Amino acid sequence: MNDTAQDLKPHGKRNTLRIAERSIDDRPLADAHAPLIRNAWYVVAESADIGRALTPVTALEEPLVVYRDTAGDVVVLDDRCPHRRYPLSRGALVDDTIQCGYHGFKYDGTGACVWAPTLKNKPGFGVRKYPSVEKGPWVWAYFGDPEEADETTIPYFEKEEGIEWRSRQGYKFNPCNYMLLIENFLDLTHFYFLHGKHVLTTEDADVPLKSLDAGENGVGWIKKVGGGKTGLFGKLAGRDHDEIVDLEGTAVQIGPSMHIGKEIRRLPDGKHDDAYPIYVLMNHAITPKTLHETHQFTEFCLSFDPIGGMDKFRDFSRDVVFEEDVEALGLINDYIVQDRRPGEVEFGIPGDRFGIRMRQILRKLKDKESPQDG
Ligand code: FES
Ligand SMILES: [Fe+2]
């Protein structure tokens, strides 16, 4: 493989770019057309948003209806009435059954049809029920064979004890394949440029990342900067932006559906004061809506009361910082989908290796569940 930055050099009289003969996407990896992986738990809603209303959600190209039964348990069913495919979410919740709004068939919480007009015998059909669990701030559903659903594999981890966490939830819609979002989360260098004006200065961009063990289906990195600036998060805690601290950042992706980003700032030389250590934790649940649309559910957690309050911090992160990602990823996705020129332009640098590794893991997971697909 001879892809290097050299390949991007203009050549020839017309100063056109030469397209590399072989690029990263020619390898057998999941990429920006990454197929959907069904044998996994995904977040389908914030728990707080689910009550007695029939809530429609599309995830992994499947229409779902989500509601809470009279016992308070969350139910996730296929949203298509098996009679004529009218959305069940347009019907009515009557005690613990959904009554379809078209011809009135009733479905219980297991998805079984329990009544239909003109039908004398017990109906022998129903809709698919998805195993679901509430964990953390979210409702998770399993999209593979229900017999294989194992709650212990839900990739949500309780927050570190001994820290007084403040947290908020937020949602963002990304107009791109989920793999682009995963790579974006794992890619540290973009923080310094795409978000450079808010988040960090570029001076730490070159600090090497070290691998973290994130299990068989995950990747992770850690970055340590001794004597860096406390930056935005220190400022939010009421400190001077340029105060010198030791920084530690980690990013971990577990399977297709969970990314955990964490930052810690400590005063150097074991010094202490009330403001430090500062912990920032962002749990991102990634759920493909379709092949080129992705839900992002984020739990924003801080170990301190930020200036302006948690709502303002969440709104800024979601509506300003993540909006920059949404715009960039949408543009990239459009080029990938629309560009019909032969060859592809995609050159990696060492900092991309965690995203590349994740592509390999997702390819392996997809091959395992359906070797003929994707
Ligand atoms: S479409 Fe639902 S009852 Fe006919
Ligand atoms: Fe970003």
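**Figure 1. Overview of the chain.** Of the 374 residues in the chain, 34% are buried. The model is a predicted one. Its secondary structure comprises five helices and 20 strands.

**Figure 2. Close-up of the crossing of helices α1 and α4.** Helix α1 spans residues 178–186 and helix α4 spans residues 310–338; their axes come within 10 Å and cross at roughly 130°. Because of this angle, α1 is classed as oblique to α4. The crossing in which α1 passes α4 is right-handed. On the α1 side, the contact is formed by Leu180, Leu181 and Asn184, while α4 contributes Asp325, Leu329, Ile332 and Asn333.

Figure 3. Helix α1 is mostly covered, with nine of its nine residues buried. The buried residues of α1 include Tyr178, Met179, Ile182, Glu183, Phe185 and Leu186. Leu180, Leu181 and Asn184 are also buried, and these three residues supply the α1 side of the contact with α4.

**Figure 4. Close-up of the open sheet β3-β13-β12.** Three strands form an open sheet in the order β3-β13-β12, and their pairing is antiparallel. Strands β3 (41–46) and β12 (132–135) are the edge strands, each pairing on one side only. With direction ignored, neighbouring strands of this sheet are turned against each other by 35° on average. Strand β13 (residues 138–142) runs antiparallel to β12, and four bridges join the two. Within this pairing, Glu134 stands opposite Val139 of β13.

**Figure 5. Close-up of strands β16, β17 and β18.** Strand β16 (residues 218–229) pairs with strand β17 (residues 244–254) in the antiparallel sense, over 10 bridges. In this pair, Lys224 is placed opposite Glu248 of β17. Strand β17 also runs antiparallel to β18, to which it is joined by nine bridges. Here Val252 has Ile260 of β18 as its bridge partner. The hairpin of β17 and β18 has three residues between the strands, and Gly255 takes a positive phi near 55° in this hairpin.

**Figure 6. Close-up of the surroundings of Glu263.** Glu263 belongs to strand β18 (residues 258–266). The residue counts as partly exposed because it has 17 C-beta neighbours inside 10 Å, whereas burial requires 20 or more. Apart from neighbours within four places in sequence, the contacts of Glu263 are Phe233, Leu247, Gly249 and Val280. The C-alpha atoms of Glu263 and Lys223 are 9.4 Å apart in space, although the two residues are 40 residues apart in sequence.

**Figure 7. Close-up of the surroundings of Leu281.** Leu281 lies in strand β19 (residues 278–290). Because 21 C-beta neighbours are found inside 10 Å, Leu281 counts as buried. When neighbours within four places in sequence are left aside, Leu281 is in contact with Lys159, Lys262 and Cys301. The separation of Leu281 from Lys262 is 19 residues in sequence and 4.5 Å in space, C-alpha to C-alpha.

Methods:
Residues are numbered from 1 along each chain as its sequence is written. Chains are lettered from A and ligands numbered from 1 in the order in which they are written. This is a predicted model: local features need pLDDT of at least 70, side-chain atom pairs count only at pLDDT 80 or more; totals for chains, interfaces and linings use all residues. Axes are lines fitted to C-alpha atoms, for helices over the stretch in contact, and angles run from 0 to 180 degrees between N-to-C directions. Angles under 35 degrees count as roughly parallel, over 145 as roughly antiparallel, 65 to 115 as roughly perpendicular and the rest as oblique. A crossing is left-handed if the near helix is turned anticlockwise from the far one by less than a right angle, and right-handed if clockwise. Two residues are in contact if their C-beta atoms, placed from the backbone, lie within 7 Å. A residue is buried if 20 or more other C-beta atoms lie within 10 Å of its own, exposed if 12 or fewer, and partly exposed in between; C-beta atoms are placed from the backbone. Two strands pair if DSSP finds at least two bridges between them.
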